Amino acid sequence: MMDVTWTESISQILGWAYFVLWSLSFYPQVLHNHRRRSTDGFSIDFALLNVLGLSAYTAFNACFLFSPVVRAQYAQRHPQSPNPTVQWNDFVYALHGALICCWICSHFLCMRFWNFNSKQQRASTSALVVCCGCLGVVPLAVLWALVSASWEWIDVVYVVGMIKVFLTAVKYTPQAVMNYRQQSTAGFSIGAILLDLSGAILSLMQLVMDSSSQGDWSGAIGNMAKLLLGNITVLFDLIFIFQHFVLYRERSAEDKLGLSESDPLLNSSRDET
């Protein structure tokens, strides 16, 4: 009994620790944009896909926490560990993140309101197609659950969770490509990535500990969204860290020195001299 209580306590600590880190990871980019009064160097596709992905993850966690039908179907499929490994901190993180990402999107859509001096960015056709495709999958999954005897509502929830996983795998690509094209990470907050990486590691640690304490590793498979999210996040965060600190370190440092509005004038004066 003491061992169970001890592992549950550690799991809760890990859960709320990654919740804090992942929640804080949204703010460096917000503050970075406001400090520069610009979104230059930050991809609108990344922000848009993040909103949709976190909204899907909020719905996924809410169903496992609050839906008796989904919880009963999960218990039926996992009799050795009938309680889903979804935690309250998962739901709160996703909801909070979706709201903050809406705030970040407003930096692109309401530049005059925020008094930003940025180049106008428009979402790419690819990003809009991805968003529409993901939104279209959900009603199809619901329809299939209604007409098919082999599908249950929990399968629809898993589809929603996989949407988040897919968007996580896709959303980082526009920002990585933007960094590559500019040969710089200026405008993209590396502090957000460091917090994101730390949170992802703790999230995976909590999932492993929860499954281990249940004595059934199917708990990790049953929460496939969390498992894949953690691993994909770690992979892309390492790519961004490599871009910032290795590939474009000198260029990013130069760009940071040239973020002021008077920078082009100063450059021209240097050329004249």
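## How H2 meets H5

Helix H2 (residues 27-36) packs against helix H5 (residues 88-109) at an angle of about 20°, and their axes are 10 Å apart. Axes here are lines fitted to C-alpha atoms over the stretch in contact, with angles running from 0 to 180 degrees between N-to-C directions. That angle makes H2 roughly parallel to H5 (angles under 35 degrees count as roughly parallel). On the H2 side, the contact is made by Tyr27, Val30, Asn33 and His34, and H5 brings His96, Ile100, Trp103, Ile104 and His107. Contact means heavy atoms within 4.5 Å.

## What sort of model this is

This is a predicted model, where local features need pLDDT of at least 70 and side-chain atom pairs count only at pLDDT 80 or more, while totals for chains, interfaces and linings use all residues. Residues are numbered from 1 along each chain as its sequence is written, and side-chain values use heavy atoms, leaving out hydrogens and water.

## Helix H7

Helix H7 covers residues 125-147, and at 1.5 Å a residue its 23 residues should span 33 Å; the end C-alpha atoms are 33 Å apart, so the two agree. The expected span is 1.5 Å times one less than the number of residues.

Ala127, Val130, Cys131, Cys134, Ala141 and Ala145 of H7 are buried (under 20% relative accessible area, 1.4 Å probe, protein chains only). The buried residues of H7 pack against helix H3 (44-66) and helix H8 (153-182).

An unreviewed UniProt entry lists several stretches as "transmembrane region", including residues 91-114 and 228-248. In the model, residues 91-114 are 96% helix and 0% strand, with end C-alpha atoms 29 Å apart. Residues 228-248 come out at 95% helix and 0% strand, and their end C-alpha atoms are 28 Å apart.

Note on methods. Helices (H or I, at least four residues) and strands (E, at least two) are DSSP runs, numbered from the N terminus. Buried means under 20% relative accessible area, exposed over 50%, partly exposed in between (1.4 Å probe, protein chains only). UniProt positions are given in the numbering used here, feature names are shortened, and annotations may be inferred rather than shown by experiment. Angles under 35 degrees count as roughly parallel, over 145 as roughly antiparallel, 65 to 115 as roughly perpendicular and the rest as oblique.
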